[in-house]
Amino acid sequence: VVGATAYSGRFRTVGRSLGFQVQFSAATSIASVAGTDYLTLPVAARGLSGMAVMTNDTTNVAVGVCHIDVATSRCYLPAQAASADIFNLCGSYEV
């Protein structure tokens, strides 16, 4: 991330499933390396796996599928070239 980061998000738990949404951007640019850059999940993950996707809200294009690591409760981002666009992330996993 280059420049000030702006982000907001929310999550909802229904039974043992948690769904989440995050929107983020940077004043200058954001770039991610697949398998390296991640967001920490709001509640510890359980189960075998989860699912998340990242999209570019500025260009209305899908960026890619994220990996939910239940061992570390992290959501690993797909590869994204440096951009000052706004990005959305949404997914679900077992809690």
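Me: Is Tyr-76 buried or exposed, and what is its relative accessible area?

Reply: Buried means under 20% relative accessible area, exposed means over 50%, and partly exposed lies in between, with a 1.4 Å probe and protein chains only. Tyr-76 has 13%, so this residue is buried. This is a predicted model: local features need pLDDT of at least 70, side-chain atom pairs count only at pLDDT 80 or more, and totals for chains, interfaces and linings use all residues. Residues are numbered from 1 along each chain as its sequence is written, and side-chain values use heavy atoms, with hydrogens and water left out.

Me: How many aromatic pairs are there?

Reply: Take the rings of Phe, Tyr and Trp (its six-membered ring). They pair if their centres lie within 6.5 Å; planes under 30 degrees apart are stacked, over 60 edge-to-face, and the rest tilted. The count here is 3 aromatic pairs. For Tyr-38 and Tyr-76, the ring centres are 5.4 Å apart and the planes are at 55°, so the pair is tilted.

Me: Which strands hold Tyr-38 and Tyr-76?

Reply: Strands (E, at least two residues) are DSSP runs, numbered from the N terminus. Tyr-38 is in β4 (residues 38-40) and Tyr-76 in β7 (residues 74-76), so the pair ties together parts 38 residues apart in sequence. Tyr-38 is partly exposed, at 36% relative accessibility.

Me: Which residue lies over the face of Tyr-38?

Reply: A charge sits over a ring if NZ of Lys or CZ of Arg is within 6 Å of the ring centre and within 35 degrees of the ring normal. Arg-74 lies over the face of Tyr-38, at 3.9 Å from the ring centre.

Me: Which residue forms a salt bridge with Glu-94?

Reply: Side chains of opposite charge can pair when their charged atoms come close. The rule asks for a side-chain nitrogen of Lys or Arg within 4 Å of a carboxyl oxygen of Asp or Glu. The structure holds 1 salt bridge. Glu-94 pairs with Arg-16, and the closest N and O atoms are 2.9 Å apart. Glu-94 is in β9 (residues 87-94), while Arg-16 is in the loop between β1 (5-14) and β2 (17-26), 78 residues apart. Glu-94 is partly exposed at 31%; Arg-16 is exposed at 52%.

Me: How many residues does the largest nonpolar core have?

Reply: A nonpolar core is a set of buried Ala, Val, Leu, Ile, Met, Phe, Trp, Tyr and Cys residues joined through side-chain atoms within 4.5 Å. The largest has 17 residues, and Phe-20, Cys-75, Leu-89 and Tyr-93 have the most contacts inside it. β2, β5 (46-56), β6 (61-69) and β9 each supply at least two residues. β2 gives the most, with 4 residues.

Me: How many bridges join β1 to β2?

Reply: Two strands pair if DSSP finds at least two bridges between them. β1 and β2 run antiparallel, joined by 10 bridges. Gly-9 has Val-22 in β2 as its bridge partner. The two strands form a hairpin with 2 residues between them, and Gly-15 in the turn has a positive phi of about 65°. β2 is also joined to β9, by 8 bridges, and these run antiparallel. Gln-23 stands opposite Asn-88 in β9.

Me: Where are Asn-60 and Ser-73?

Reply: Asn-60 is in the loop between β5 and β6. Its phi is positive, about 60°, although Asn-60 is not a glycine. Asn-60 is exposed, at 67%. Ser-73 is in the loop between β6 and β7, with a positive phi near 55°. Ser-73 is buried, at 12%.
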